Amino acid sequence: MAFKIFATLFLVIAITGHYHARASMLDRDFYNEDCPEFEMIVAATVQSFLNRDHTVPPGLLRLVFHDAFVGGLDSSVMLNSSSGPDPPERDARPNLSLHGFEVIDAIKEQLEEVCPETVSCSDILALAARDAVALGALKDLPSPFENTTALLKKFRNRGFSAEEMVVLQGGGHSIGVGHCPFFRDRYSNFSGTAQPDPALNPTHAIFLKASCDPNGNAAVANDHGSAHLLDNHYFLNIQKGKGLFNSDQEFYSDSRTRKSIDKYAASSEKFYLDFIKAMEKMSELGVLTGSHGSIRTHCAIAK
Ligand code: HEM
């Protein structure tokens with residue numbers, strides 16, 4: 001298993017060592033100044049597609065391969081027939097089953113809004129493939145774009161009840177921040193409807209839009225109004241439709257999780273008690289003891 005993850009990471013680093021657009025040399029930090037939102041937008045978009053379609057990682061990886069092998073990674077494989085009189089590379093027989101173009105298009109659309117004419121299609125493709133492969137390997141982690149059923153399954157697989165899931169997410173999200181790409185769709189184009197999320201409080205939608213639109217990668221407090229205290233205020237926000245991520249808010253629309261939100265909103269004491277218990281349980285997950293584990297000299301290095 002460890003080898004598998006290592007091999008994946010190796011591959012990932014190999015395919016995206018650097019970005020190219022306009023530079024004479026490849027540079028990993030190329031977009032840091034002109035488009036700092038780049039990596040976050042790619043990661044969030046890839047994640048949202050991945051939740052609906054597990055074929056995204058292989059699709060993007062093959063796109064990189066087919067593009068790079070013919071004339072280098074120049075995103076020529078993405079051009080469609082509207083680009084000129086010659087038949088596009090994309091219509092060549094070996095390329096007919098390529099897929100994943102829609103992920104790149106969705107990323108590009110957002111980037112053109114935030115930093116127009118800055119990020120090349122090749123760089124988007126390379127980074128999206130990296131993220132898809134890495135996120136695919138980490139698919140057990142919950143995503144804010146998943147629905148309650150999917151999240152319940154992930155927590156149940158780790159031995160947590162619905163209530164434990166609610167208290168863990170609520171406690172965790174009672175502090176810290178979330179970046180706009182993780183929730184932008186909720187105030188603008190929820191699930192492709194061109195409408196805000198109906199579960200999102202309209203006043204809060206205006207606030208989120210104002211916080212994000214001038215700077216696509218802004219960070220907003222997870223728990224509006226009580227950003228720095230680990231407390232049960234988060235649950236009061238959820239009751240008012242002021243949850244930040246779709247996954248937070250959905251718990252209040254689902255009968256399996258709604259009552260726990262009401263319970264923790266009503267009692268700070270119950271929240272603290274259950275949060276502590278659930279955190280203890282989480283810290284005991286899969287712990288290696290005795291000769292099964294090891295003491296590393298440096299935490300970043302396996303041996
Ligand atoms: C349903 C499961 C969960 C989902 C889908 C989820 C998703 C997210 C997302 C998307 C962010 C924003 C990341 C960013 O923009 O940089 C975030 C932030 C955060 N999450 Fe969660 N999360 C979940 C459960 C948890 C749990 C169980 C905890 C801890 C007990 C937790 C603790 C946090 C904290 C503290 C932050 C803020 C980090 C910071 O400010 O740097 N989350 N979460």
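**Ligand surroundings and salt bridges in the predicted model**

A nitrogen atom of the ligand has a polar side-chain atom of His173 at a distance of 2.9 Å. The structure described here is a predicted model. Helices α6 (148-157) and α7 (162-172) and strand β1 (177-179) are the elements that give two or more residues to the shell around the ligand.

In the chain, His173 is placed in the loop between α7 and β1. In total, 18 residues surround the ligand, and the closest of them are Gln169, His173, Gly176, Val177 and His179. The shell is made up of 9 nonpolar and 9 polar residues, and it has no charged residues.

Charged side chains were examined across the whole structure, where a search finds 11 salt bridges. One of these joins Lys108 to Glu112, with the closest N and O atoms 2.8 Å apart. Both residues belong to helix α4 (residues 101-114), and because they are 4 residues apart there, about one helical turn separates them. Glu112 has a relative accessible area of 29% and is therefore partly exposed.

A second salt bridge is formed by Lys281 and Glu164, whose closest N and O atoms are 3.0 Å apart. Lys281 is in helix α13 (residues 268-283) and Glu164 is in helix α7, so this pair ties together parts that lie 117 residues apart in sequence. Both partners are partly exposed: the relative accessible area is 30% for Lys281 and 22% for Glu164.

Asp274 lies in helix α13 and Lys263 in helix α12 (residues 255-266), and the pair, 11 residues apart, links distant parts of the chain. The two partners fall into separate accessibility classes. Asp274 counts as buried because its relative accessibility, 18%, is under 20%, whereas Lys263 is partly exposed at 28%. Asp274 and Lys263 also belong to a network of salt bridges that includes Glu163 and Lys277.

Cys212 was considered separately. This residue lies in helix α9, which covers residues 202-212. Its relative accessible area is 1%, so Cys212 is buried. Leaving aside residues up to four places away in sequence, Cys212 touches Cys180, Phe183, Tyr187 and Val220. Arg184 is 28 residues from Cys212 in sequence, and the C-alpha atoms of the two residues are 7.5 Å apart in space.

How values were computed
Residues are numbered from 1 along each chain as its sequence is written. This is a predicted model: local features need pLDDT of at least 70, side-chain atom pairs count only at pLDDT 80 or more; totals for chains, interfaces and linings use all residues. Side-chain values use heavy atoms; hydrogens and water are left out. A residue is near a molecule or strand if one of its heavy atoms lies within 4 Å of it. A polar contact is a pair of N or O atoms within 3.5 Å; within protein, one must be able to donate a hydrogen and the other to accept it, and residues adjacent in sequence count only if both atoms are side-chain atoms. Ala, Val, Leu, Ile, Met, Phe, Trp, Tyr, Cys and Pro count as nonpolar, Asp, Glu, Lys and Arg as charged, and the others, Gly among them, as polar. A salt bridge is a side-chain nitrogen of Lys or Arg within 4 Å of a carboxyl oxygen of Asp or Glu. Buried means under 20% relative accessible area, exposed over 50%, partly exposed in between (1.4 Å probe, protein chains only). Contact means heavy atoms within 4.5 Å.
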